[in-house]
Amino acid sequence: MESSGSAQRLEVVVAGDEGSARLDRVLAARRPELSRSRLKALILAGAVQLKAAAVRDPAYHVSPGDTIIIDVPEAAPAEPKGEEIALDIVFEDDDIIVINKPKGLVVHPAAGHETGTLVNALIAHCGASLSGIGGVRRPGIVHRLDKDTTGLMVVAKNDLAHSSLSAQFADHGRTGAMRRGYMAFAWGVPNRHRGTVDAPIDRHPHAREKMAVRQGGREAVTHWEILDNFAGRDGKPVAALLACELETGRTHQIRVHLAHIGHPLMGDAVYGPHFKTKVNQLGPEAQAALAALGRQALHAYLLELEHPRTGELLHWEAPLPEDLLLLERTLKAAL
């Protein structure tokens, strides 16, 4: 790799085991520190060369042994402006910052959410130190949580940290130490104590804002275990508290997978609307707590990773927020 300032020239040799011959997918497999959207933009801009000629088609098929050159320009400064938004900071040093994200906070600016995002808060807090690899709209962002999912997130404060964290998230603990754990309140109680959902996820064929289990989708693996179960007013099981760990990181993964096995998240209006009738099985206090929740009952409670500079194993846990603690208390007291 050659660099000029913060501009970089990257070299990728096609091995043939990337899972696809498409240029964009090969590069995504070999350069996980660059997001797919970033790679596509670089290809379309003519910044990707094969045999000294620019290749502008992301779907171009490459061959084993091909040498691909990527010219990554100097990272542009983050365009979103800093905003003084309070952050619950769990850990911070010169390389990373870990926050406990509240509900309702969008991670990065997008259509309809140009301000008031986590990125705006981070720019104000960290200044110019955020990594630029993620692009001007997502400086430092290596993973995200849905707007209404609470819990632990790590952000890169420089490009070294961004590259390391991106690689760890791409690996998802298969060979490294990365762990991401969630607490999920789900409708119904699974018929065994623990299990794994291994089902590919892709865009829903009709509702583009949703994801779905689909053949030919991207690999998605979720491990779950029952922590507690709750009875309804008739004394029969009505809900469960599950601990879920991700082996992959697909959009809405836990929400889609739990719905797929017949146990959608409580409060999930997107993937569990057909379970609304089960609300009548809850006690009045639990019904009120669920109505007040106004979101999917999901919390990212566990994050474990290797420090990008020192290699030290770091571990954090975030307790359930007040709205989920209230739901848990009222579910236990339903009878």
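A crossing of two helices is left-handed if the near helix is turned anticlockwise from the far one by less than a right angle, and right-handed if clockwise. The model is predicted: local features need pLDDT of at least 70, side-chain atom pairs count only at pLDDT 80 or more, and totals for chains, interfaces and linings use all residues. Residues are numbered from 1 along each chain as its sequence is written, and side-chain values use heavy atoms, without hydrogens and water.

**View 1. Crossing of helices H1 and H2.** Helix H1 spans residues 23–30 and helix H2 residues 36–44; helices (H or I, at least four residues) are DSSP runs numbered from the N terminus. Their axes come within 10 Å and cross at roughly 130°, which makes H1 oblique to H2. Axes are lines fitted to C-alpha atoms over the stretch in contact, with angles from 0 to 180 degrees between N-to-C directions; those under 35 degrees count as roughly parallel, over 145 as roughly antiparallel, 65 to 115 as roughly perpendicular and the rest as oblique. The crossing is right-handed.

**View 2. Residues joining H1 and H2.** Leu23, Asp24, Arg25, Leu27 and Ala28 of H1 meet Arg36, Leu39 and Ile43 of H2, contact meaning heavy atoms within 4.5 Å.

View 3. Ile43 lies in helix H2 and is buried, with a relative accessible area of 0% (buried: under 20%, 1.4 Å probe, protein chains only). Leaving aside residues up to four places away in sequence, Ile43 touches Leu23, Asp24, Leu27, Val48, Val55, Arg56, Asp57 and Pro58. The C-alpha atoms of Ile43 and Asp24 are separated by 7.9 Å, at 19 residues apart along the chain.

How values were computed
Helices (H or I, at least four residues) and strands (E, at least two) are DSSP runs, numbered from the N terminus. Buried means under 20% relative accessible area, exposed over 50%, partly exposed in between (1.4 Å probe, protein chains only).
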